[in-house]
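Subject: Structure handover

Hello,

Here is the structure I promised to pass on. Please open it first, then read my notes below.

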Amino acid sequence: MLAAVDPPPRLPSPLQEVRDERFVRRGIRLLLKRDDLIHPAVPGNKWRKLAPNLRAALEGGHTALLTFGGAYSNHLRATAAAGRMLGLTTVGVVRGDELAARPLNPSLARCAADGMRLHFVSRSDYRRRQDPDYARQLLREAADREEQGRTEPTAEAARSPQLPREAFRIPEGGSNALAVQGCCALGAELRGRTDVAAVACGTGGTLAGLAAGLGEGQRALGVPVLRGGFLAAEVRDLQRAAFGGVRGEWRLDERFHFGGYARTTAELEDFAADFATRHGLPPLEPLYVAKLLFALTALAEEGAFAPGSTVTAVVTGPR
């Protein structure tokens, strides 16, 4: 049902060893799980989380997807690209109604180029994003505006399907029970190959599935990129929704958000540039991957990993 995705996703994703002296001198083997190479347009954990949702949407006869994100959301970009490849209309509800009057940033411009209808809402309204009734209201309003804006039929309009009044709803970041089940495969791909599997966390869906998919004696580590201390409860709730209870051994280290989502510092930027140069990697994605690798390097220096252990960093996306 997802065969229209071209090129097809590359699964399992490659596992790459990097010899970094900061780990080697402490007897730690560092691996990179290159989920950024799964698909050029829907990379990393975005494909793992979206695929089961896309399958459910198609099996349910839906022709449109409705989802949510901020102005620089990788999830919005991935959903727009997947929708284009599968012939699904996509609607992205974007946090910040003041953005409607501004030129689109490169991330939102990519969404629009892939056919996503962007609907900007105030931050107070955006807090209602988990309410199904609010989602249906947004879609009705968007459909009404589109109908009112149509004049005489044109060839271009005929090629652009009218926005439906119902859609398959995918939450912010793509994290729901289906997504968590999809991310179990990430853990399964690492069974017997690592002691610790670490991932940077936004909404917690990837960590929830990763931990559940790992084998006995393995543990997952989440590095939140947002402030607030709320993520542990979110991960537990996602696992209960997906499996009926908490699964796997996992923990969070909340010290490495660098001020919060989309925040960075000169120290982090210097680290990211140096790490990529040392190991011949493309520029590190700064909001998730750079923070994750910085955290693992700091934890290695602190002695958090036993000598002789293998630590795997899940590279969830490109720059």
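A word on terms first: helices (H or I, at least four residues) and strands (E, at least two) are DSSP runs, numbered from the N terminus. Ala233 is found in helix 10.

Two points on the source. This is a predicted model, where local features need pLDDT of at least 70, side-chain atom pairs count only at pLDDT 80 or more, and totals for chains, interfaces and linings use all residues. Residues are numbered from 1 along each chain as its sequence is written, and side-chain values use heavy atoms, with hydrogens and water left out.

Ala233 and Gly204 sit 29 residues apart in sequence. In space they are 9.5 Å apart, C-alpha to C-alpha.

Next, Asp35. You will find Asp35 in the loop between strand 2 (29–33) and helix 2 (45–59). Its relative accessibility is 0%, so Asp35 counts as buried. The Asp35 side chain makes a polar contact with the side chain of Ser13, at 2.5 Å. (A polar contact is a pair of N or O atoms within 3.5 Å; within protein, one must be able to donate a hydrogen and the other to accept it, and residues adjacent in sequence count only if both atoms are side-chain atoms.) Not counting residues up to four places away in sequence, Asp35 touches several others, among them Pro43, Arg48, Leu186 and Val315. Contact here means heavy atoms within 4.5 Å.

Then His119, in strand 5 (residues 117–121). His119 has 9% relative accessibility, so it counts as buried. Leaving aside neighbours within four places in sequence, His119 is in contact with Gly92, Val93, Val94, Leu138, Glu141 and Arg145.

**Helix pairs**

Two packed helices are described by the angle between their axes and the distance between the axes. Axes are lines fitted to C-alpha atoms, for helices over the stretch in contact, and angles run from 0 to 180 degrees between N-to-C directions.

Start with helix 9 (residues 205–213) and helix 10 (residues 231–243). Their axes come within 9 Å and cross at roughly 60°. That angle makes helix 9 oblique to helix 10. (Under 35 degrees counts as roughly parallel, over 145 as roughly antiparallel, 65 to 115 as roughly perpendicular and the rest as oblique.) Helix 9 gives Gly205, Leu207, Ala208, Ala211 and Ala212 to the contact, and helix 10 gives Val235, Leu238, Gln239 and Phe243.

How do helix 8 (residues 177–189) and helix 10 cross? Their axes come within 8 Å, at roughly 85°. That makes helix 8 roughly perpendicular to helix 10. Ala177, Val180, Gln181 and Cys184 of helix 8 meet Leu238, Ala241, Ala242 and Phe243 of helix 10.

Last, helix 2 and helix 3 (residues 74–86). Their axes come within 11 Å and cross at roughly 45°. Helix 2 is therefore oblique to helix 3. From helix 2, Lys46, Leu50, Leu54 and Leu58 take part. They meet Asn74, His75, Ala78, Thr79, Ala82 and Leu86 in helix 3.

Best wishes

Key:
Buried < 20%, exposed > 50% of the residue type's maximum accessible area, 1.4 Å probe, protein only.
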